[in-house]
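Here are my notes on the model, as numbered points. Have the viewer open while you read.

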Amino acid sequence: MTITLQGCAQCGARQYPPRALCRACLADALGPVEETGEGRLIVSAIVHRSLEPGFAGDLPLRIGTVSLDCGLRIIAFVDAGLVDGQSVCLRQEAGRDGTALWYAGALEAGV
Amino acid sequence: MPVQPFDGVAVVAPTTVRYVRHSDKPAHWWVGRALHDVTAAAGITKQEVDGLALSSFTMGPDTTIAMTEHFDMAPRWIEWLPTGGASGVMALRRAARAVQAGDASIVACIGADTANPASFAELVSNFSHFSDSAVRPYGAPGPNGMFALITAHYMARFGATRADFGAIATAQRSNAAGNPNALLGGKALNLEQYLAAPAIVEPLHLFDCVMPCAGAEAFLVMSEERARGLGLPHAVIRGSIERHNAYFDEPVAVRAGWAMDRDSLYAQAGVGPEAMDCLEVYDDYPVIVAMQLEDLGFCAKGEAAQFLRHNSLTIEGALPVNTSGGQLSCGQAGAAGGFLPVVEALRQITGQTLGRRVPGARLALASGYGMVTYDRCLATAAAVLEGRA
């Protein structure tokens, strides 16, 4: 499964979070690019208390840092059962307010 | 070209406007009180202050320039430092160069913030573009979530335990006893209490997190000649460094800019870490204290836990660290938290402490660390100060 990231048509760099220009060559040549969502769950943490009041009903939540094979790092929600250090696949799903958010799932699941 | 020495520059008048948990006063009140107190401490009028360097998170939309009008001043040099935890050392560095260059003769450096539930919610919900788009939607606005990840990663990689971080928190709480400005100074904290605290974002628990509050910290920078003329105990700057966005390719931060620049810091100072009588380091979370013990050369990378098992950070210990109690015990007064290390270092080495003093302290290292715009703080800075009574 692929994910869509921001990429530079001039130098080929990928970036996240999105920026106004290419972080590497500063070209004004950005557009969506397809990348594999595969990477590694570097580390995770459990949110018990959030400063965001809207999350109160959803706690605890597990978040983590995923290092993608293309070299980017993305903060994502982490599926139950994953272990820090394991290979994962990122996907996007609609979050609570309908915006697309990142979720890390098991690579074997093929989702 | 080598870093030019900070010769001829004096740092004086360590000033703290007493912290309170909540304040209904605007940040401008805290800036003005700090200006009042820091000039009074030096025996000068505010008209003699011809340079003004400010840092605040809650003064918006105003910046330094608006404060000149607010308080009837006509300085010939101003600086605005929107760099939070690193702003104190950064203000010191800029003020020192302005004095050396003759662009200002007396610079007031002030970090000040108010605090109420609305101001804090506004701050964390609108802190940076990256944080707003890529962190807040995951239920982790503010720094707790990202520093939980940094802490968990550090623990797994280097074998540090919660008890190791507890050694930092409890030592600093011990140091806070006797400091009337430490909001938590009267509340003893032992390791059992630390370990039993409720989880915030695991592995961070309550006593790993600073308590937001209102307050201000300030100091003056002027020529040594002027400081002597005013009869003020003062400190000189033996060396100083600054770095931003260091090691940006590393997936999770295990070190920060100090590691890149510490050789320069100690070369400028002409002494090494072993010469420091106390260490005043930015302490938003215990893991950052541990990281600085490594990055500033007190032990090797990954060995802070071992260091902490054999060296107490209390005032009576082998290496006194955060002798005021740090932000973990004083509270985090916004940008003033970024000034606390410089002000406390100045207090220790000039014999003007609020609480207890490290006996005979002469050399101190003060650091700064600020601005978690995505998943780590970007700004690092440090200075070695020497007291001249």
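1. Strand 6 (residues 73-78) and strand 8 (residues 100-106) of chain A pair in the parallel sense, over two bridges. On terms: helices (H or I, at least four residues) and strands (E, at least two) are DSSP runs, numbered from the N terminus, and two strands pair if DSSP finds at least two bridges between them. To find the spot, look for A:Val78, which stands opposite A:Ala104 in strand 8 of chain A.

2. Some housekeeping before going on. This is a predicted model, where local features need pLDDT of at least 70 and side-chain atom pairs count only at pLDDT 80 or more, while totals for chains, interfaces and linings use all residues. Residues are numbered from 1 along each chain as its sequence is written, and chains are lettered from A and ligands numbered from 1 in the order in which they are written.

3. Strand 8 of chain A also pairs with strand 7 (residues 87-94) of chain A, this time in the antiparallel sense and over seven bridges. A:Gln92 stands opposite A:Trp102 here.

4. What is the strand order in the open sheet of chain A? Three strands form it in the order 2-1-3, with antiparallel pairing. Strand 2 (14-15) and strand 3 (30-36) of chain A are the edge strands, each pairing on one side only. Strand 1 (residues 2-8) of chain A is joined to strand 3 of chain A by seven bridges, and the two run antiparallel. As a reminder, strands of a sheet pair through backbone hydrogen bonds, either parallel or antiparallel.

5. Stepping back to chain A as a whole: it has zero helices and eight strands, so the pattern along the sequence reads β-β-β-β-β-β-β-β. Its C-alpha atoms fill a box of roughly 45 × 35 × 20 Å along the principal axes. Of its 111 residues, 28% count as buried (buried: 20 or more other C-beta atoms within 10 Å of the residue's own, with C-beta atoms placed from the backbone). Among contacts in chain A with a separation of 6 or more, 45% are between residues 24 or more positions apart (contact: C-beta atoms, placed from the backbone, within 7 Å).

6. How many residues does each chain give to the contact between chain A and chain B? Chain B gives 28 residues and chain A gives 25 residues. On the chain B side, helix 4 (117-125), helix 5 (129-134), helix 6 (144-158) and strand 5 (199-202) each give two or more residues. Helix 6 of chain B has the largest share, six residues. By class, the chain B side divides into 20 nonpolar, five polar and three charged residues (Ala, Val, Leu, Ile, Met, Phe, Trp, Tyr, Cys and Pro count as nonpolar, Asp, Glu, Lys and Arg as charged, and the others, Gly among them, as polar).

7. There is strand pairing between the chains too: strand 4 (residues 38-47) of chain A and strand 5 of chain B pair in the antiparallel sense over two bridges. A:Ile46 stands opposite B:Glu202 there.

8. Chain B is assigned domain 1 (9-118 + 214-229) and domain 2 (126-209 + 235-388); the bounds come from an automatic or database domain assignment. Taken over C-alpha atoms, the domain centres are 23 Å apart. The contact takes 34 residues from domain 1 and 39 residues from domain 2 of chain B. The domain 1 side has 17 nonpolar, eleven polar and six charged residues.

9. Now a helix pair in chain B. The axes of helix 7 (residues 162-176) and helix 11 (residues 286-295) of chain B come within 9 Å and cross at roughly 95 degrees (axes are lines fitted to C-alpha atoms, for helices over the stretch in contact, and angles run from 0 to 180 degrees between N-to-C directions). That makes helix 7 of chain B roughly perpendicular to helix 11 of chain B (65 to 115 degrees counts as roughly perpendicular). B:Phe165, B:Ile168 and B:Ala169 of helix 7 meet B:Pro286, B:Val287, B:Val289 and B:Ala290 of helix 11. This contact has seven nonpolar, no polar and no charged residues.

Definitions and conventions: Two residues are in contact if their C-beta atoms, placed from the backbone, lie within 7 Å. A residue is buried if 20 or more other C-beta atoms lie within 10 Å of its own, exposed if 12 or fewer, and partly exposed in between; C-beta atoms are placed from the backbone. Angles under 35 degrees count as roughly parallel, over 145 as roughly antiparallel, 65 to 115 as roughly perpendicular and the rest as oblique.
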